[in-house]
Amino acid sequence: MTTFLVIGVVGLALLLVSLVVGDLFDGAFDALTGDVFSSAVIGAFVAATGFGAAAAQPALGTVLALPVGAVTGVAFAWFAWWLTRLLADGSSDATPGIDDTVGRDGKVVTPVPEGGFGVVDVLVGGHVLRLNARADHPIEPGTPVHVTGVLSPTAVTVAPVWPELT
């Protein structure tokens, strides 16, 4: 039983080090497809094999404890692989772009003259985008506006937001 517990502790240490430091075998198993042989997966397999065999040994004996530990190790290795893939493939919010401003409200920072450009701030996904703006009619600073279109990667067309009728 002590041998199995030592194997489990070694696997657990490998798993913890790989979670803190990163993949210890990065590049070592590149010839094999997928990330099945990452240090987190191998650490989970070794730890679960050792602890699973240690738990099964008193009831089943050493000979039968090995297959039980191996099955437990495979199950935990699969879970570690699945969890690391889930975390690695998890998308983050993309940086907002100019196309995301259409239909959003903003505020005029510098005056927008008729036929010329002014500056507006538009809030998109928690980010304030400061853009050049053109409008059909002059708009004064501080006026709430609505983005109606995109002119270029740094310029939009805007229209004043009309107050609600009461």
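Which residues is V158 in contact with, leaving aside its neighbours within four places in sequence? They are V120, A133, R134, A135, I139, V145, H146, V147 and T148. Contact means heavy atoms within 4.5 Å.

This is a predicted model: local features need pLDDT of at least 70, side-chain atom pairs count only at pLDDT 80 or more, and totals for chains, interfaces and linings use all residues. Residues are numbered from 1 along each chain as its sequence is written, and side-chain values use heavy atoms, with hydrogens and water left out.

**Overall layout**

The protein has three helices and five strands. From the N terminus, their order is α-α-α-β-β-β-β-β. Helices (H or I, at least four residues) and strands (E, at least two) are DSSP runs, numbered from the N terminus. Of the 166 residues, 30% are buried. Buried means under 20% relative accessible area, exposed over 50%, and partly exposed in between (1.4 Å probe, protein chains only). Among contacts between residues at least 6 apart in sequence, 50% join residues at least 24 apart. The accessible surface is about 10,500 Å², and 67% of it belongs to carbon and sulfur atoms. Areas come from the Shrake-Rupley method with a 1.4 Å probe; for residues, only the protein chains shown count as cover.

**Strand pairing**

Two strands pair if DSSP finds at least two bridges between them.

| Strands | Direction | Bridges | Facing residues |
|---|---|---|---|
| β2 (residues 118-124) and β3 (residues 127-134) | antiparallel | seven | V120 and L131 |
| β3 and β5 (residues 155-160) | parallel | three | N132 and A155 |

The hairpin of β2 and β3 has two residues between the strands. There, G125 takes a positive phi near 55°.

**Cores**

A nonpolar core is a set of buried Ala, Val, Leu, Ile, Met, Phe, Trp, Tyr and Cys residues joined through side-chain atoms within 4.5 Å. The largest has 15 residues. V120, L131, I139, V156 and V158 touch the most other members. The elements giving two or more residues to this core are β2, β3, β4 (144-152) and β5. Apart from it lies another core of five residues, including F4, A53, A56 and A65.

**Nonpolar surface**

M1, L5, V9, L12, L16, V17, L19, V20, V21 and F51 make a nonpolar surface patch of about 940 Å². Patch residues have over 30% relative accessible area and no salt bridge; like charges are joined within 9 Å, nonpolar side chains (Val, Leu, Ile, Met, Phe, Trp, Tyr) within 5 Å. A salt bridge is a side-chain nitrogen of Lys or Arg within 4 Å of a carboxyl oxygen of Asp or Glu. Helix α1 (residues 2-21) gives the most to the patch, with eight residues. V20 is found in helix α1. V20 counts as exposed because its relative accessibility is 72%.
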